[in-house]
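Please look over the sequence and the structure before reading on. The paragraphs below go through a few local features, then the ligand, then the confidence of the model.

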Amino acid sequence: MHCQVGLMHKYSVRCPTCGEMQDPMSLICSKGHDALLRTFYGPLQLTPRNMPGIWEFYDWLPVEGIISEGTGKTVTYKSEAFARKLGLSDLYVAFNGYWPEKNASMMTCTFKDLEAFPTMQRLLERQDGRIMVVASAGNTARAFAHVCCITGQPLLLVVPENSVHRLWTLHADASSICLVTVEGDYYNAIELANKVALRQRFVSEGGAKNVARRDGMGTVMLDAVLTMKKLPMHYFQAVGSGTGGISAWEASIRLIQDGSFGNVLPQLHLAQNLPCAPLISMRAGNITDQSIVDGKCPEDMYDDVLFNRKPPYSVAGGVRDALQATGGRMYGIDNAAAAHAQQLFEELEGIDINPAAAVAVAALMQAVEKKFTGHNDSIVLNITGGGMERLRRDCNLYPIVPDIRVSAHDPEAESKIVDKVSEKFQR
Ligand SMILES: *Cc1c(COP(=O)(O)O)cnc(C)c1O
């Protein structure tokens, strides 16, 4: 299942601030710069590989082998009905999810799959037997659970109690997962997971700092450009951390260096759900987002996967730089606009979409209305998740059963988790 493909050292990892080469597995610059490390690939031209799912983009993923089973990739297609409705002649949908008629088989139904596979492949390559720790309120947890059921790698999932219903898998045997539910909110779960991840036998997946996550998400842009045969003028995505936007920008830089697809960076159009939109506040220079202070978020959000308290905004190579380099825009979308967009898109394109993706659809509608995009402009709309209802109809989904429940206020919580992991994985 885990095949070695190609030569070693197909890529290097460097700090964008000092240019210094880094340990390829490092998450931070050895010189201490506050920067997202970036991957540089040997092959400057993108050659699609005849390999399953995401591994089509093997040359531009920071891995030295593949997990061949269970991977899906983005499916990009030219929109007809929805494009006509908006009066657009060159709109492409980059669909991430399950949609058998379009050969879309991202089986956890969001683009978090694109992060999970390269990240787990790299963990395999480290061969240090460490246990990956993931804290998530939903989509990320499902994606990592899926890949770990396939590889059998042990995974510690730490999730807030009230989001456990989102954790399901297509695999009857989920014994490689230790699921901890935390009585408390998402931040209590993250805090606890971070503490455990610092221990020797554990490793954190690294979030936006992890080049495998970003380059995995960057394959959305690669797929779109291979389909369109050119770089789009605009890229629309709903963001929480903004990592997908950073990834699209980084992929576009590589595609320009490739030389075959044009030399203008696509403009980023990133959407957040109002009023819980810390990236919009940060861009406006507000250090504290009142909606966060008041504690209204993420409870009433259209989709709480779009909420992130500490997005990588001002770090070098982060969201601010990505917006600046591409002349990008941010959109604030309220729940009513998202609901309207979701209904319209689903009806016209014929597939259910994730509520987060509807926020991007609403942003595109707003951009067209305000004439931020021209009718003949080439546009990529990233549908970051879709086809979940369709999958529920077609497949048997198994809920992941919690192994232990802890309270965020229990001083023993961390050691209880560690004990449970030892018991479950015999290590
Ligand atoms: C995580 C997620 C997003 C936001 O992604 P970023 O990390 O902010 O780029 C958007 N849509 C869905 C469905 C997601 O799961």
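C109 sits in the loop that runs between β8 (104–105) and α2 (113–126); helices (H or I, at least four residues) and strands (E, at least two) are DSSP runs numbered from the N terminus. Although C109 is not a glycine, its phi is positive, at about 70 degrees. P275 is placed in the loop between β15 (267–273) and α7 (278–283). Most residues other than glycine have a negative phi, and most peptide bonds are trans.

The model is predicted: local features need a pLDDT of at least 70, side-chain atom pairs count only at pLDDT 80 or more, and totals for chains, interfaces and linings use all residues. Residues are numbered from 1 along each chain as its sequence is written, and side-chain values use heavy atoms, with hydrogens and water left out.

Next comes the ligand. Around the ligand there are 17 residues, of which K112, N139, G240, G244 and T384 come nearest; a residue counts as near if one of its heavy atoms lies within 4 Å. By class, this shell has 7 nonpolar, 9 polar and 1 charged residues, where Ala, Val, Leu, Ile, Met, Phe, Trp, Tyr, Cys and Pro count as nonpolar, Asp, Glu, Lys and Arg as charged, and the others, Gly among them, as polar. β14 (234–238) and α6 (243–258) each supply at least two residues of the shell.

Which side chains place a polar atom 2.8 Å, 3.0 Å or 2.9 Å from an oxygen atom of the ligand? For N139 the distance is 2.8 Å, for Q237 it is 3.0 Å, and for S241 it is 2.9 Å. Taken alone the ligand exposes 380 Å², and the protein buries 96% of that (Shrake-Rupley method, 1.4 Å probe).

The structure holds 22 salt bridges, each a side-chain nitrogen of Lys or Arg within 4 Å of a carboxyl oxygen of Asp or Glu. One of them joins K73 to E56, with the closest N and O atoms 3.7 Å apart. K73 lies in the loop between β5 (65–67) and β6 (75–78) and E56 in the loop between β4 (38–41) and β5, so the pair ties together parts that are 17 residues apart in sequence.

Finally, the chain averages a pLDDT of 93, and 96% of the residues score at least 70; pLDDT is the predictor's confidence in each residue, from 0 to 100.

Conventions: Polar contact = N/O pair within 3.5 Å; in protein donor to acceptor, adjacent residues only side chain to side chain.
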